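User: I have a model open and want to check the labels used for it. Can we go through them one by one?
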Amino acid sequence: MSAALQSLALGERPSGRTLLTASWVVGHKEGAHRLLKNGEVVFENGEILFVGHGFEGEVARRVDFGNALISPGLIDLDALSDLDTTILGIDHYPGWAKGRVWPRSYVEAGPYEMYSGEELAFQKRFAFGQLLLGGITTAAPIASLFYRQWGETAAEFEAAADAAGELGLRVYLSPAYRSGGMVLEEPGRMVPVFDEERGFQGLKDAVSFIERQSGRHGDLVRGMLAPDRVETSTLALLQRTDAAARDLGCKFRLHMAQGTMEVDTVRSLHGSTAPVWLAKAGLLSERLVAPHATNATDEDLALYAENGVSIVHCPLVSARGGSKLSSFSSCRQRGINIAMGTDTAPADMLMNLLVGLITCRISDGVPDRVRSADLFDAATIGGARALGRSDLGHLSKGARADIAVFDLDDTVMAPSVDPITTIITGGSGKITRAVFVDGRLSMRSRQVANIDMERARVQAQAQFDGLIAKYPERSWANPPVSEIFPPSYPVEVDANG
């Protein structure tokens with residue numbers, strides 16, 4: 001670590017001009033990224049003043065990262081913000097038997113919050129730290145509602161907004177809400193059950209949250225409405241959401257075209273796919289940010305392109321479940337804006353970009369329709385475009401100083417001829433050396449501002465173990481944990497402890 005970097009206070013914005021240099025810099029010119037060999041980036045008061053070579057002005061400090069890539073910070077619009085439950089389903093099927101859908105017995109007993117308020121606040125804080133460790137500077141949080149009483153609460157998101165301010169992460173957020181949920185009536189048969197008034201109240205709470213919180217912590221916190229899923233939303237709730245997003249001047253995110261259960265449920269309820277249903281109601285627009293599109297039809301994608309909807313591509317979690325976007329390159333050719341999301345643990349954007357590259361080439365059947373740079377664009381420029389932020393996702397004069405520095409000297413990295421290809425094929429955010437958000441040093445050498453991630457990791461595991469212990473009561477026929485989640489191999493325990 002350079003002495004100049006070490007001298008910067010973790011968690012604070014340095015006074016005066018700071019000049020960063022490295023063997024490679026991702027610059028920006030005429031709307032597109034450019035690579036600068038031995039480039040320089042200068043920022044002050046959270047704003048980039050210069051990107052190029054040979055800065056001639058006065059600077060307060062110079063930080064040389066050596067053989068590294070100075071990059072715009074990565075943008076994650078489906079960012080994991082809880083202790084991920086999807087990893088429990090990787091090797092345990094079917095999902096309906098593994099606590100992924102509430103059985104009728106659990107609903108009748110009365111769903112309850114399986115985490116305390118303190119635990120809900122902690123998991124956001126821990127997850128935000130993990131995002132920063134991977135070079136993510138802007139995040140729209142996502143969490144599971146499977147273990148919730150119904151939706152998310154304003155109180156936990158007030159704590160999340162404070163955590164973002166303390167750790168130094170740019171966030172777009174508000175509590176998720178829904179009109180209904182899927183209920184398991186018998187093995188394999190799931191039906192939607194609705195309580196529309198509860199959804200309206202959730203939207204009201206989310207709007208109030210955005211009005212109170214947007215712009216806090218030096219504008220690191222802004223609002224995004226988050227109805228949970230299309231199959232658990234009524235038309236009236238989505239109409240009110242779109243109107244509220246328009247009035248607030250914010251985006252709204254809605255998961256749709258992402259799985260067989262959703263497609264079948266929406267077709268049963270509304271007689272079409274979700275995008276067609278929303279298009280008929282006039283609810284597709286540039287305000288809509290739509291993960292995942294893995295089950296989107298050609299008609300659905302045409303409607304996205306026509307109406308300016310942004311897709312949030314989450315290739316890792318999709319591929320784990322055996323699905324993929326068909327395809328990244330064809331969506332780009334249609335003119336659809338593609339942003340990126342992680343949506344699972346590990347919340348590693350570089351790993352997601354590698355999986356996205358691989359799955360696109362498998363889907364296309366040829367390798368030359370997509371390049372590493374296309375995925376990198378989605379994680380930077382594409383995310384900024386989805387948010388309507390011309391000052392994010394790139395390094396150029398006037399942009400916000402959201403910067404990630406990736407190590408090209410890491411011993412696990414292959415010899416490099418092109419830094420973008422190198423960091424994506426390396427496939428791990430563990431090479432992130434430093435992160436600046438709005439000019440503030442939020443992460444340095446695996447240390448995150450205002451949180452001890454090693455101690456937090458121990459707390460996270462204990463909290464997750466407690467959640468797993470509650471799975472039997474919300475799983476069909478209430479089997480023990482050992483049957484719900486059997487280990488990969490038989491476990492032998494030391495008799496002596």
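User: Which residues does Ile423 touch, not counting residues up to four places away in sequence?

Analyst: Ile423 touches Leu69, Leu350, Phe376, Phe406, Leu408, Met413 and Ile431. Contact means heavy atoms within 4.5 Å. This is a predicted model, where local features need pLDDT of at least 70, side-chain atom pairs count only at pLDDT 80 or more, and totals for chains, interfaces and linings use all residues. Residues are numbered from 1 along each chain as its sequence is written, and side-chain values use heavy atoms, with hydrogens and water left out.

User: What makes a nonpolar core, and which residues have the most contacts inside the largest one?

Analyst: A nonpolar core is a set of buried Ala, Val, Leu, Ile, Met, Phe, Trp, Tyr and Cys residues joined through side-chain atoms within 4.5 Å. Buried means under 20% relative accessible area, exposed over 50%, partly exposed in between (1.4 Å probe, protein chains only). The largest core has 106 residues. Phe128, Leu225, Met256, Tyr304 and Ile423 have the most contacts inside it. Helix H3 (residues 117-133) gives the most to this core, with 7 residues. Apart from it lies another core of 21 residues, including Leu20 and Val41.

User: Why is strand E4 called largely enclosed?

Analyst: Of the 5 residues of E4 (residues 40-44), 4 are buried, so the rest of the structure largely encloses this strand.

User: How do you know which strands E4 pairs with?

Analyst: Two strands pair if DSSP finds at least two bridges between them. Strand E1 (residues 18-21) is joined to E4 by 4 bridges, antiparallel. Leu20 stands opposite Val41 there. E4 is joined to strand E5 (residues 47-52) by 5 bridges, also antiparallel. Phe43 stands opposite Ile48. E4 and E5 form a hairpin with 2 residues between them. Asn45 in the turn has a positive phi of about 55 degrees.

User: Why are H5 and H7 called roughly parallel?

Analyst: The axes of H5 (residues 196-213) and H7 (residues 235-248) cross at roughly 10 degrees and come within 10 Å. Angles under 35 degrees count as roughly parallel, over 145 as roughly antiparallel, 65 to 115 as roughly perpendicular and the rest as oblique. H5 and H7 are therefore roughly parallel. Among the contact residues are Phe200 and Leu203 of H5 and Leu237 and Arg240 of H7.

User: What makes E15 and E19 edge strands?

Analyst: The open sheet runs E15-E16-E17-E18-E19, with parallel pairing. E15 (224-225) and E19 (338-340) each have a single partner strand, so one side of each is left without a neighbour in the sheet.

Conventions
Axes fitted to C-alpha atoms, helices over the stretch in contact; angles between N-to-C directions.
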